[in-house]
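Please find below a colleague's note on the model shown here.

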Amino acid sequence: MVKINEPMSEHKLILVKRRTRLEELIVRYNTVQQAQFYIERLGADFSDYVEENRRYKQSIQLAQQQLSQLGRVQMIDREHVPNFIFGEQDIVVVVGQDGLVANTLKYVTEQPLIGVNPDPMRWDGVLLPFTVEDLSFIVPDVIRRQRSLKEVTLAKVELNDGQVLYGVNDLFIGRKTHVSARYEVRLGASTENQSSSGIIVSTGMGSTGWFKSVLAGASGIVRSAAWQHVSRGEQQQLTSDERPVDLRGTASEGGLNKNEFSWDSPYLYFTVREPFPSRTTAANLVFGQIHAKQPLHIVSQMPEDGVIFSDGVEQDFLEFNSGVHATIGLAEKRGQLVI
C-alpha cells in the first residue's frame, strides 16, 4: 500500500467510466431477460455481453479500491463528462476503450490523463497502456511528476455565435444524414462553393483512423482509374509504363507511415469526402493543411440538418445551418496522456 503524503492529498482522482453493451441493452429493453431474448433471437451469443459486463464492473471496482488508497476519488459516467468541471490539480483516470479516452481528453484542460485497459484480452487499446493493477504505482509517479507525458494537439471549431467544440481525433462537418452538404470553404486565398459528403478535419492522433481511411480510398481510386479508363462503355488496360506510382503509405522516419503525422504536430489536415463538381460547385479545394496562420473557414449553405461533431460522437454536436460561419484551427490547449 502506498502511503498518502501531503502533496498527494492535494489531488483529486477523477475516475471516468462508461456503460457496457449489456447496460445499454437493459436501458433499451428494461430487463436483462428481455435483452437476452432479443440478442439470442438474432442468433448472437448473449454470454459474451454478460462476461464483458462482469469484467468491466470488476475492473471499475478494483480501480476505485486502488485509487481510494491514494487520494479522494470521484467517479463520473461518460455522459456527464462534457458538463464536468475539472480542477487544476485533478488527475483523470479513464477505464474503457480508446474512444472513451479520446472523448474525455477533449474536455480536460491540461490535467494528465491515464488510460486504463479493463480487459486486455478483449481490447487492444492504443491509448490504454496500463492495467488496473498498474494504478497503485502510476498515480503516485504522476503526482510526483516522475512520469512522462505525451502532448496531444487538439482541433478546435468556433462558430460566429461563440459556440466551441474540440476534437482529439477529428471533426466532421456536414449533414446529419450524411447526404450532400452545401457550404462555402476558404483556406488562405482560395475559396469555393462545394457539395460533398462532408469535410473531415484530422489531428495527428486521428491520422491513423478516419484520415488514413479516406486517403487510402482516394489513393486506391486514383490508381484503379489510372490503370484503366472508360471510353464509350469499353475498358482499356494501360501498359506498365503508363501505370502511376503507388501512393500508399510506406514506412518512414519515426515509425510513421507517409500518411500519418505525430500526435503533437502543430497542424491539422482537412479532406473533403466525395466532392461533386457542377455549374455552381467546384472540387479543387479538397485537401490541405491547417495551422496557426492558416485556419479553415466554412460557411454553411444547408437550411437544416447541418452539424459539426467530433471523434465520432454524433450526439454531441453543434448545429451548422445556413449562414453559420465556422473557423477551424488548432486548440489553445493540449491534451496530456500519461505514458
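The numbered points below first set out the basis of the note and then take up each topic.

1. The model is predicted: local features require pLDDT of at least 70, side-chain atom pairs count only at pLDDT 80 or more, and totals for chains, interfaces and linings use all residues. Residues are numbered from 1 along each chain as its sequence is written, and side-chain values use heavy atoms, with hydrogens and water left out.

2. Helix H4 (residues 46-68) and helix H6 (residues 135-143) have axes that come within 9 Å and cross at roughly 45°.

3. On the H4 side, Ala-63, Gln-66 and Leu-67 meet Leu-135, Ser-136 and Val-139 of H6 (contact means heavy atoms within 4.5 Å). By class, this contact of H4 with H6 comprises 4 nonpolar, 2 polar and no charged residues.

4. Lys-106 is located in the loop between helix H5 (98-105) and strand E4 (112-116). Lys-106 is buried, its relative accessible area being 2% (buried means under 20%, with a 1.4 Å probe and protein chains only).

5. The side chain of Lys-106 makes a polar contact of 2.5 Å with that of Ser-310 and a polar contact of 3.4 Å with that of Asn-103 (a pair of N or O atoms within 3.5 Å, one able to donate a hydrogen and the other to accept it). Not counting residues up to four places away in sequence, Lys-106 touches Leu-154, Tyr-166, Val-168, Ser-310, Asp-311, Asp-316 and Lys-333.

Methods. Axes are lines fitted to C-alpha atoms, for helices over the stretch in contact, and angles run from 0 to 180 degrees between N-to-C directions. Helices (H or I, at least four residues) and strands (E, at least two) are DSSP runs, numbered from the N terminus. Ala, Val, Leu, Ile, Met, Phe, Trp, Tyr, Cys and Pro count as nonpolar, Asp, Glu, Lys and Arg as charged, and the others, Gly among them, as polar. Buried means under 20% relative accessible area, exposed over 50%, partly exposed in between (1.4 Å probe, protein chains only).
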